[in-house]
Amino acid sequence: MRQLHKALRENHHLRHGGRMQYGLFLKGIGLTLEQALQFWKQEFIKGKMDPDKFDKGYSYNIRHSFGKEGKRTDYTPFSCLKIILSNPPSHGDYHGCPFRHSDPELLKQKLQSYKISPGGISQILDLVKGTHYQVACQKYFEMIHNVSICIYIFFTLYPNSLSFVTVSHSGFLVAAVETTLAIFRRKGNCMVLGNIAFIEGPDN
Ligand code: SF4
């Protein structure tokens with residue numbers, strides 16, 4: 001999502017695959033239909049797109065993803081598995097999983113630009129080489145946020161899970177039960193209870 005957001009801010013445009021992946025992610029973290037229409041329109045207009053052209057060519061798909069057009073399916077965010085296994089990005093696309101779809105040298109350069117240590121980069125690249133993309137992503141998350149994260153299975157099932165954990169970064173513990181996450185304001189140690197994970201923030 002970082003890659004998609006950066007590309008959107010730089011190019012004021014995303015192709016269909018990127019709009020779907022990022023749009024459903026934003027919906028999953030709580031953006032309403034009205035906010036989504038405003039968000040995309042504002043960004044596209046910065047790229048000199050005529051507002052009428054946006055309304056005619058792009059707003060339908062956004063309403064569609066919120067179940068307001070066509071078959072009226074209320075779409076949910078893509079899971080990591082779906083992103084990793086389907087619809088690989090082509091030239092000019094920014095969607096997909098950076099750990100699965102980036103060229104290793106490009107991924108290395110990206111990780112360097114994010115200030116990951118050489119040792120950390122080599123750990124991540126080894127995981128990618130072994131096709132452990134979600135574990136590589138989890139390692140990256142631990143390193144970028146400087147936290148020791150408990151091992152839990154569903155954590156990297158959805159990119160949206162990561163957004164909740166990021167929100168927790170200022171000292172909350174996060175309890176995640178499959179896709180339902182609740183935030184508890186308490187201190188304690190990192191522990192795993194079945195499919196419930198508690199994560200201790202760095203400033204606890
Ligand atoms: S593994 Fe990480 S980078 Fe890949 S799709 Fe899932 S959240 Fe995104």
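Which residues lie nearest the centre of the largest cavity? The points below take up this and related matters.

1. The model is predicted, so local features need pLDDT of at least 70 and side-chain atom pairs count only at pLDDT 80 or more, while totals for chains, interfaces and linings use all residues. Residues are numbered from 1 along each chain as its sequence is written, and side-chain values use heavy atoms, with hydrogens and water left out.

2. Arg19, Trp40, Asn61, Ile62 and Ser65 lie nearest the centre of the largest cavity, which has 14 lining residues. Helix H2 (16–28), helix H3 (33–46) and helix H5 (59–65) are the elements that each give two or more residues to this lining. H2 gives the most, with five residues.

3. The volume of the largest cavity is about 150 Å³, and the count of cavities of 30 Å³ or more is two. A cavity is a set of points on a 1 Å grid over the protein atoms alone where a 1.4 Å probe fits but cannot get out, and lining residues have an atom within 4 Å of a point.

4. The structure contains zero disulfides, a disulfide being a pair of cysteine sulfur atoms within 2.5 Å.

5. Helix H8 (residues 104–113) has a side-chain oxygen of Asp103 at its start, within 3.0 Å of the backbone nitrogen of Glu105. Helices are DSSP runs (H or I) of at least four residues, numbered from the N terminus. Just after H8, Lys115 has a positive phi of about 65°.

Conventions:
Polar contact = N/O pair within 3.5 Å; in protein donor to acceptor, adjacent residues only side chain to side chain. 1 Å grid on protein atoms, 1.4 Å probe; cavity = no way out; pocket = protein on both sides within 12 Å on 5 of 7 lines; lining within 4 Å. Points joined across faces, edges and corners; volume = space filled by probe spheres on them.
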